[in-house]
Amino acid sequence: KVGYVGNITHRLDFKLLFELIPKNPNVSFIFTDAPLSMPSEDAYRNTVNNINQLHQFPNVYFIPKALYRTSIKEIIKHLNIGMIPYDISLVFNRNSYPMKLFEYFYLNKPVISTPILELMQFPRHVLIGRNASEWKSNIYRLLSNSLMEINCETQFVLAKTNSWDLKVQKILNLI
């Protein structure tokens with residue numbers, strides 16, 4: 001089970017997902033059914049149609065938004081791999097620092113991502129896939145051995161030191 005926990009917006013690399021998912025029929029791809037409408041971007045990027053297309057794959061599953069909001073930890077616990085499939089053709093994505101990384105780390109999940117610049121600083125914890133072929137290789141690499149188990153303690157420390165509570169506290173201290 002490879003999962004994405006978060007809002008589904010134009011920021012996802014749907015092209016990557018549409019190539020990756022059918023080539024991996026034995027992998028379940030889990031998404032939280034939490035579309036976040038951004039009308040100007042959604043119209044331009046065809047987000048609603050892309051989400052509907054994801055629903056058509058037999059190995060894609062959506063967790064209802066109500067359930068997602070109340071049990072994010074439980075959802076992540078049941079994943080084998082957390083994914084961050086952001087479309088890096090968008091400058092915002094390419095330079096983002098996704099907090100979902102630390103949600104995955106907190107629960108000791110290995111992570112696969114598109115080449116987001118900030119995530120490149122975690123080569124022992126995040127496998128980067130530049131295309132569907134690399135993603136497939138990385139997914140099977142993670143599923144076939146416990147490569148990331150060695151890093152669980154470090155991942156947990158990274159999660160704790162990057163928590164929202166600490167970030168807010170730092171901001172308040174500066175103010």
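This short report walks through the paired strands and the salt bridges of a predicted model.

Let's start with the strands. Strand β1 (residues 2-4) runs parallel to β2, and three bridges join the two. One of the pairings to look for is Y4, whose bridge partner in β2 is F31. F31 also stands opposite F62 in β3. That strand, β3 (residues 60-64), pairs with β2 in the parallel sense too, over five bridges.

How covered is β2? Mostly: four of its five residues are buried. Together, β1, helix α1 (residues 14-20) and β2 make up a β-α-β unit, and the unit is right-handed.

Now for the charged side chains. Side chains of opposite charge can pair when their charged atoms come close. How many salt bridges does the structure hold? There are two, and here they are:

| Salt bridge | N to O distance |
|---|---|
| K23 and E19 | 3.3 Å |
| E74 and K77 | 3.2 Å |

Take the K23 and E19 pair. K23 is partly exposed, at 47% relative accessible area, and E19 counts as partly exposed at 37%.

Where do E74 and K77 sit? Both are in helix α5 (residues 72-77), three residues apart, which is about one turn of the helix. E74 is partly exposed, with a relative accessible area of 39%, while K77 counts as partly exposed at 45%.

Notes
Residues numbered from 1 in each chain as written. Predicted model: local features only at pLDDT ≥ 70, side-chain atom pairs only at ≥ 80, totals over all residues. Heavy atoms only, no water. Salt bridge = Lys/Arg side-chain N within 4 Å of Asp/Glu carboxyl O. Buried < 20%, exposed > 50% of the residue type's maximum accessible area, 1.4 Å probe, protein only. Pairing = 2+ DSSP bridges. Right-handed = clockwise from strand over helix to strand, strands pointing away.
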